[in-house]
Amino acid sequence: SQTTEHHHHHRKKRTTMIKMHYSLIRWKTFMTIVSITAITTTFVSSFSTTATVRKSNPTRWNQHLTFLSPHSNTNTNLFSSSSGEEEEDVSNNSPTEEESVKVKGVTLKMAFDSNPTQWSVSDLVAPPERFTSPTSLDLVHRLRRESDAVLVGVNTVLRDDCTLTVRRVPPLEGGKQPVRVVIDPHLKVFTREKYGGGKFSLLKDGYHTIIYHSLSRERVKQVDWQGVDWNHVTIVNPTHEYKSNNPSSSSALSPNMILENLSIEFDINHVMVEGGPYTAKQFLQSSVVNRAILIRAPIEFVHPEVSGIDADVMSDAGLKLIGTNSDTGDDENDDTVEYWCIEEEEWPTDELNDWP
């Protein structure tokens, strides 16, 4: 009887252990399935996201619409800070951070002499130099601060080696700097023999620069990229994609093409067009300028470089003069600031001189 009871107890214990063993196997199997499902989901999601990016912007993958060196960092912050040296016109303003007025569209800034008919931007004989007042220059830096990007033509870079950064006024929160945008169809900023390419400050100062060009992939491969900070420089040829989406448009670089690419690919929605006159006139004639700030200095150039811009050009662009202001309001030698705006919009602030 005791033996029978012992065997019965042993079988019961063995049965319990077998059940526990199979339960453990089922649990491990379940966890394995869960893990495989999670990994598969992550992979599929990642592949789907990548496929979506490739579909929405195939030129980033297959063409030289965005060309980065093998050492480039695709996760670079567009508003990354830099410890580079400031230019000579740095003021002693406190680095107190300011709040921004949300503005979209295109704001044109130009400076002219006092000639009411020629609207000249420089003297053809004298060396290039600033001819507006320090107060007007502060205004320009405030406008840069309020912009997602500052855009110029390549000749402005070749002539001035400009940085287009905010220096004379307190920065926005986090010390953000606007993205610099250069229209350079033939990538002259990289051509060393003729233009001293690769040396320009905005190619190596640690802030983000986007350069728009129209060269073929074969021509791009022949460019000398030596000395370029590829962590912060991006070159873009948007002509192929824009032409495919707009069959009736020209294949040449255009303001509409560049603004569309900046908005879609870089989330840039307020662009300050800072020059020169050829670039400014292109944007005006394309009717993409929402507002303009024109600064008139109390000088007249002896050998004027005429801008080709006048009141008729401004009017044809849909802009109207809505007011003027001077540096202090009581000095006849002050610069005069003109505020222009399209009829469909109002100035960003109630008082003209409150923005920027």
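Student: In what order do the nine strands of the open sheet lie?

Tutor: In general, strands of a sheet pair through backbone hydrogen bonds, either parallel or antiparallel. In this predicted model, the order is β6-β5-β4-β3-β7-β1-β8-β11-β10, and the pairing is mixed.

Student: Which strands stand at the edges?

Tutor: The edge positions belong to β6 (233–236) and β10 (319–326). Each has a single partner strand, so one side of each is left without a neighbour in the sheet. On average, neighbouring strands of this sheet are turned by 20 degrees against each other, direction ignored.

Student: In what sense do β5 and β6 pair?

Tutor: Strand β5, residues 209–212, pairs with β6 in the parallel sense over four bridges. Within this pairing, I210 stands opposite T234 in β6.

Student: Let us turn to charged side chains. How many salt bridges does the structure hold?

Tutor: There are six salt bridges. One of them joins the side chains of R168 and D138, at 2.6 Å from N to O. R168 lies in the loop between α4 (154–160) and β4 (179–183), whereas D138 is in helix α3 (residues 134–145), so the pair ties together parts that are 30 residues apart in sequence.

Student: Which residues form the negative surface patch?

Tutor: The patch is formed by E346, D350, E351 and D354. Of these residues, D354 is found in the segment after β11 (336–342).

Student: Is the phi of D161 positive or negative?

Tutor: The phi of D161 is positive, at about 45 degrees, although D161 is not a glycine. This residue is placed in the loop between α4 and β4.

How values were computed:
Residues are numbered from 1 along each chain as its sequence is written. This is a predicted model: local features need pLDDT of at least 70, side-chain atom pairs count only at pLDDT 80 or more; totals for chains, interfaces and linings use all residues. Side-chain values use heavy atoms; hydrogens and water are left out. Patches are made of residues with over 30% relative accessible area and no salt bridge: like charges are joined within 9 Å, nonpolar side chains (Val, Leu, Ile, Met, Phe, Trp, Tyr) within 5 Å. Accessible areas come from the Shrake-Rupley method with a 1.4 Å probe; for residues, only the protein chains shown count as cover. A salt bridge is a side-chain nitrogen of Lys or Arg within 4 Å of a carboxyl oxygen of Asp or Glu. Lys and Arg count as positive and Asp and Glu as negative; His and the chain ends are not counted. The place of a charge is taken as NZ of Lys, CZ of Arg, CG of Asp or CD of Glu. Helices (H or I, at least four residues) and strands (E, at least two) are DSSP runs, numbered from the N terminus. Two strands pair if DSSP finds at least two bridges between them. Axes are lines fitted to C-alpha atoms, for helices over the stretch in contact, and angles run from 0 to 180 degrees between N-to-C directions.
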